[in-house]
Amino acid sequence: MSVRDKRLYLEDLTVSFDGFKALNKLSLFVDPGELLCIIGPNGAGKTTMMDVITGKTRPDSGTAWFGRGTDLLTMTEAEIVAAGVARKFQKPTVFEQLTVFENLELALAGDRSFLKTLRARTSTAQKKRIDEVLGIIGLTAQRESPGRILAHGQKQWLEIGMLLMQNPELLLVDEPVAGMTPHEIERTAELLLSLAGEHSVMVVEHDMSFVRSIAKRVAVLHEGHVIAEGDMDKVQKDPRVIEVYLGV
Amino acid sequence: MLSLWNARKGTDRGGAWFLAALIVLAVAAPFFSQVVPATSAFHLSAFGITLIGKYLCYGMLALAIDLIWGYCGILSLGHAAFFTLGGYAMGMYLMRQIGPRGVYGDPVLPDFMVFLNWKSLPWFWYGFNHFPFALLMMVLVPALLAGVFGWFAFRSRVTGVYFSIITQALTYALMLAFFRNDMGFGGNNGFTDFKDILGFDLHSDSTRVVLLIVTIAALGASYLACRTIVDSRAGRVMRAIRDAESRTRFLGYPVESFKLWIFVFSAIIAGIAGALYVPQVGIINPGEFAPINSIEAVIWVAVGGRGTLYGAIAGAILVNYAKTYLTGAFPEIWLFFLGALFVLVTLFLPNGFVGLISARIKHKEDGPVTPINKEPAIDAVAVSGVPDEKDK
């Protein structure tokens, strides 16, 4: 496969904060429909990498391409969202006083100006789409419940659902299972696996057993660049990974 | 209208009761004032009519505040400024209606200008002899001030308590400015001694009844307009802004533009309320700009129950009725009462009196239930919108 066929292609990204290199010639790609897991110790540059992809941080050097001919480094945060990159932050924030349905409704694509939303009616097709997403994230029974009564895991799923409403091509998911019960972790794994294929998904996670359960390909970040990548077994046998993680 | 439909089919039960009460009032007030003879104990005096009209104007101001505070989390502590500006626009029309009947008998200049030895009408008084022009200004002046002020404040992302403080400064600055004689608005005396409106004598009972009916209609229409907004998708975006502003922005909604629109609309309602207030109470002066007035209006909303619209109106009427009674019977305790009321409501009735009542109704209908497996009444959900600051 050539460079041009990648969903996301990062090359030689370098970001420094006051001389500290948060990213150091980081190169990474994501294939269309792939689910890629990123692991790495604290300070390895995972969040900085997400910030660069979403336009929050500008790199000192390097390139970042989103599909064919879309240069992420020249775009604003809003343009990147519009181009199809959706980011799920670590801490779930849903609208507590609105119902699950209304949360998803606000995430629908469409004109977001005051006057347009004042007159907006949710069409049958849109309702169908919302119900479809409710099914995907497993919250059909909670359709009319206010966001604040959802359990922690359900809030995370609802937020993923809100990202799905915008039909993103690439989903960036930051530590989705932190603080979840084992059952919720299992459900989240199923959810993310079901999303891959239709969307490209990049998951940053600390939980190794979770990563093992979902990832076909894993990239290990350390000191701002990728030190190993491949399937989970290969990565875990890599002497450099063992050194970084176990301090051998 | 969608909101009328909602009131009828019962999704806005409180609103339906409120609108029904308005209609009853619009029929009963003229009846007890005009048909029941003055000798009867049931006769409604001109004073009573004016008092009700005054309360309803305050109710409209409370409605305007609840729209932005209860639904969008914008706490304006300067909303009486828009109310007073609307009042001044009406006052200017009424002053020009006096014509040559003033003490000094000048056909064009109001008395205070003659007194200040002014030779001609200042340019900004032109046009106020025409009612349609004055009507336009009652809406336009508050809207323009809210637009400019809001544009700067929201664009600079001034939120929360900082926004509240600068709105206090705004109304205080306006008060100081209007106190000055050179401003051309009558200085600390303001405007009074009005004679008539559209050719009708302001002191006649029938004019007062008509003014009350117009006020009832304006309050009802404002309520329906606000209800339509908060029930629309834009209303849900407003509540999203109230609860998690940056999340809403991240979803792609232009938060500043939403706040600006709703702030301007709220200022217009406050302006109309002020314009209706002035012919009924017969006076407008810079004291109405006093910061305490805006704070009092916020207390009405809190007491009634914010985030319900009708609760705010009920709160305004209740607190002002108490004020009329207490300042008459025990003038020295009124401010202590107001302070204590605010503290008690904040501590024990976070959803105001309306929240208390709707919780009671819910309790009666459903029987006692453990709150864990039961979702609270929909009204309670809307009311409990205390904006948590987690987002800031």
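1. Is S213(A) buried, exposed or partly exposed, and why? S213(A) counts as partly exposed because 16 C-beta neighbours lie inside 10 Å. The classes are defined on C-beta atoms placed from the backbone: a residue is buried with 20 or more other C-beta atoms within 10 Å of its own, exposed with 12 or fewer, and partly exposed in between. S213(A) belongs to helix α8 (residues 208–214) of chain A.

2. Basis of the note. The model is predicted, so local features need pLDDT of at least 70 and side-chain atom pairs count only at pLDDT 80 or more, while totals for chains, interfaces and linings use all residues. Residues are numbered from 1 along each chain as its sequence is written, and chains are lettered from A and ligands numbered from 1 in the order in which they are written.

3. Chain A, overall. Chain A has ten helices and nine strands; these are DSSP runs numbered from the N terminus, helices being H or I with at least four residues and strands E with at least two. The C-alpha atoms of chain A fill a box of roughly 55 × 40 × 35 Å along the principal axes. Of the 248 residues, 42% are buried.

4. The sheet of chain A. Six strands of chain A form an open sheet of mixed pairing, in the order β5-β6-β7-β3-β8-β9; two strands pair if DSSP finds at least two bridges between them. β5 (85–88) and β9 (225–230) of chain A stand at the edges with a single partner strand each, so one side of each is left without a neighbour in the sheet. Neighbouring strands are turned by 20 degrees against each other on average, direction ignored. Strands β3 (residues 35–39) and β8 (residues 217–222) of chain A run parallel and are joined by four bridges. I39(A) has V220(A) in β8(A) as its bridge partner.

5. A helix on the sheet. Helix α1 (residues 46–53) of chain A lies across β3, β5, β6 (170–174), β7 (200–204) and β8 of chain A, and runs at about 150 degrees to β6(A). Axes are lines fitted to C-alpha atoms, for helices over the stretch in contact, and angles run from 0 to 180 degrees between N-to-C directions.

6. Chain B, overall. Chain B comes to 16 helices and four strands. Its radius of gyration is 22 Å, close to the 21 Å from the globule rule for 392 residues, so chain B is as compact as a globular protein of that length. Buried residues make up 45% of chain B.

7. The core. The largest nonpolar core has 172 residues, and those with the most contacts inside it include M60(B), A62(B) and A273(B). Such a core is a set of buried Ala, Val, Leu, Ile, Met, Phe, Trp, Tyr and Cys residues joined through C-beta atoms within 7 Å. Helix α11 (residues 255–281) of chain B supplies the largest share, 18 residues. Beyond its neighbours within four places in sequence, A62(B) is in contact with residues including W300(B), I313(B) and A316(B); contact means C-beta atoms, placed from the backbone, within 7 Å.

8. The interface. The contact takes 21 residues from chain B and 19 residues from chain A. On the side of chain B, α9(B) gives the most, with seven residues.

Definitions and conventions. The radius of gyration is taken over C-alpha atoms; the globule rule is 2.2 Å times the number of residues to the power 0.38. Two residues are in contact if their C-beta atoms, placed from the backbone, lie within 7 Å.
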